[in-house]
Amino acid sequence: MNPTPPIPIPFPSLLDNSQVPSWLSALLTEKFYNACIIHEYMKKNEKNVFCLDCREGICPHCLINHPSHRLLKIRRYVYHDVIRLRDADKLMDCAQVQSYTTNSAKVVFLNQRPQSRPPKVSGRLCLTCDRNLHESSLFCSISCKVNSF
Ligand SMILES: [Zn+2]
Ligand SMILES: [Zn+2]
Ligand SMILES: [Zn+2]
């Protein structure tokens, strides 16, 4: 049984996420690297995996409850949640989202980051949050790209 596709909204709105797949909005609102509520009193209970089938962040102890689910590893880079570009590319079109290289892997940020300095006037800025970008990118993070629709 296929769910009926949502009717496209004629103009974009940040409040109406009906064009964004539900797993993607769940991924972008989940708080990773917090303690798992189910495994609150266990060690290594940080939620660092996202289950695409259950649309929730899970900890290593939860994995046993998600056999053969599609899982996405969440990593940390400069204190923010990132995913490997290689993983992200399988799930969505990451063109124009700025990537960074860490531990010889390319990563992309899930969400925009608070800015410590006002952006430089010159150069390219994220179309959604005005963060300075390198090269030919248009967005600093996946959420900025999603929110630009
Ligand atoms: Zn699952
Ligand atoms: Zn858990
Ligand atoms: Zn941005």
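In which sense do strand β5 and strand β7 pair, and over how many bridges? Strand β5, which covers residues 80-84, pairs with strand β7, residues 105-109, in the antiparallel sense, and the pairing extends over 3 bridges. Within this pair, Val82 stands opposite Phe109 of β7.

**Confidence in the model**

The structure is a predicted model, and its protein chain averages a pLDDT of 86, with 88% of the residues scoring at least 70. The stretch of residues 7-17 has a pLDDT below 50, and beyond near neighbours in sequence it has 7 contacts in the model. Where pLDDT is low, the predicted coordinates should not be read in detail.

**The sheet of four strands**

Strands β5 and β7 belong to an open sheet of 4 strands, arranged in the order β4-β5-β7-β6 with antiparallel pairing. The edges of this sheet are formed by β4 (75-77) and β6, each of which pairs on one side only, and the twist from one strand to the next averages 50°. The pairings in this sheet are set out below, each with one pair of residues from the two strands.

| Strand pair | Bridges | Residue pair |
|---|---|---|
| β4 and β5 | 3 bridges | Arg76 and Asp81 |
| β5 and β7 | 3 bridges | Val82 and Phe109 |
| β6 and β7 | 4 bridges | Ser99 and Val108 |

**The hairpin of β6 and β7**

Strand β6, residues 99-102, runs antiparallel to β7, and the hairpin that these strands form has 2 residues between them. Asn103 is located in the loop between β6 and β7, and its phi is near 50°, which is a positive value in a residue other than glycine. Ser104 is found in the loop between β6 and β7 as well, and its phi, near 60°, is likewise positive in a residue other than glycine.

Strand β1, residues 49-51, is joined to β3 by 3 bridges, and the bridge partner of Phe50 in β3 is Leu72.

**The nonpolar core**

The largest nonpolar core has 22 residues, and those with the most contacts inside it are Val82, Ile83, Val108, Leu110, Cys140 and Ile142. Strands β1, β5 and β7 and helix α3 (142-147) each supply at least two residues of this core, which also draws at least three residues from each of domain 1 (18-73) and domain 2 (84-149).

Which residues does Ile83 contact, leaving aside its neighbours within four places in sequence? Ile83 is in contact with Leu72, Ile74, Arg75, Ala88, Val107, Val108 and Leu110. Among these partners, Leu72 is also the bridge partner of Phe50, while Val108 is the bridge partner of Ser99.

Methods. Residues are numbered from 1 along each chain as its sequence is written. Chains are lettered from A and ligands numbered from 1 in the order in which they are written. This is a predicted model: local features need pLDDT of at least 70, side-chain atom pairs count only at pLDDT 80 or more; totals for chains, interfaces and linings use all residues. Two strands pair if DSSP finds at least two bridges between them. pLDDT is the predictor's confidence in each residue, from 0 to 100. Two residues are in contact if their C-beta atoms, placed from the backbone, lie within 7 Å. Axes are lines fitted to C-alpha atoms, for helices over the stretch in contact, and angles run from 0 to 180 degrees between N-to-C directions. A nonpolar core is a set of buried Ala, Val, Leu, Ile, Met, Phe, Trp, Tyr and Cys residues joined through C-beta atoms within 7 Å. A residue is buried if 20 or more other C-beta atoms lie within 10 Å of its own, exposed if 12 or fewer, and partly exposed in between; C-beta atoms are placed from the backbone. Domain bounds come from an automatic or database domain assignment.
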